[in-house]
Amino acid sequence: IGVLTKPGVVRLKVVIGEEMVGFIAGDVRPAEKLAWIATFCVLNAYRRRGIGSMLLQACEDRLDVPRVRLSVRASNLPAIQLYRGFGYQNVGLWAKYYQDEEDAVVMEKELTHKHG
């Protein structure tokens, strides 16, 4: 809940009809010259329609820092493929990060259009 109310966080959502079908939050950390994608989700029924790509691009466009990072479940190959397509590269691994002890892959991208 903290990321949803914290100031300085880029928060975007996609609503179709009356249903929120996707959202993303980018936590900007100017002192570190980077942002973290804190949360990112598209409902299963709406995946593979470009909603995730649109949200990720729109969030990146609003980040006024030179780098962005995120973490993703090691088993979430569709998400990893999406991030790689956007230019993210693996920069680390957090062992047993999730409650079920699955590892998290840490990925990072240089936002070349930003000078932050």
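Biologist: Is Arg-73 buried, partly exposed or exposed?

Modeller: Arg-73 counts as partly exposed, at 29% relative accessibility. Buried means under 20% relative accessible area, exposed means over 50%, and partly exposed is in between (1.4 Å probe, protein chains only). Keep in mind that this is a predicted model, where local features need pLDDT of at least 70, side-chain atom pairs count only at pLDDT 80 or more, and totals for chains, interfaces and linings use all residues. Residues are numbered from 1 along each chain as its sequence is written, and side-chain values use heavy atoms, with hydrogens and water left out.

Biologist: Got it. Which side chain does Arg-73 meet in a salt bridge?

Modeller: That would be Asp-100, at 3.0 Å from N to O. Arg-73 sits in strand β4 and Asp-100 in the loop between β5 (89–94) and β6, so the pair ties together parts that are 27 residues apart in sequence. Asp-100 itself is exposed, with a relative accessible area of 51%.

Biologist: Which residues are linked in a network of salt bridges?

Modeller: Arg-67, Arg-69 and Glu-108.

Biologist: What about Lys-109, where is that?

Modeller: Lys-109 is in strand β6. Lys-109 forms a salt bridge with Glu-60, with 2.8 Å between the closest N and O atoms. Glu-60 is in helix α2, so the pair ties together parts that are 49 residues apart in sequence.

Biologist: What else is Lys-109 in contact with?

Modeller: Contact means heavy atoms within 4.5 Å. Leaving aside neighbours within four places in sequence, the list for Lys-109 has Glu-60, Pro-66, Arg-67, Val-68, Phe-86, Gly-87 and Tyr-88.

Biologist: New topic. How much space lies in the largest pocket?

Modeller: About 800 Å³. A pocket is found on a 1 Å grid over the protein atoms alone: it is an open set of points where a 1.4 Å probe fits, with protein on both sides within 12 Å along at least five of seven lines, and lining residues have an atom within 4 Å of a point. Grid points are joined across faces, edges and corners, and the volume is the space filled by probe spheres set on the points.

Biologist: Which residues lie nearest the centre of that pocket?

Modeller: Phe-40, Asn-76, Ala-79, Leu-82 and Tyr-83, out of 28 lining residues. β3 (34–42), α2 (51–62), β4 (67–73) and α3 (77–85) each supply at least two residues of the lining, and the largest share, 7 residues, comes from β3.

Biologist: How does the lining divide into nonpolar, polar and charged?

Modeller: It has 17 nonpolar, 6 polar and 5 charged residues. Ala, Val, Leu, Ile, Met, Phe, Trp, Tyr, Cys and Pro count as nonpolar, Asp, Glu, Lys and Arg as charged, and the others, Gly among them, as polar.

Biologist: Last one: which residues other than glycine have a positive phi?

Modeller: Among them are Arg-48, with phi near 65°, and Lys-96, at about 50°. Most residues other than glycine have a negative phi. Arg-48 is in the loop between β3 and α2 and is exposed at 81%. Lys-96 is in the loop between β5 and β6 and is exposed at 55%.

Technical notes
Helix = DSSP H or I, 4+ residues; strand = E, 2+ residues; numbered from the N terminus. Salt bridge = Lys/Arg side-chain N within 4 Å of Asp/Glu carboxyl O.
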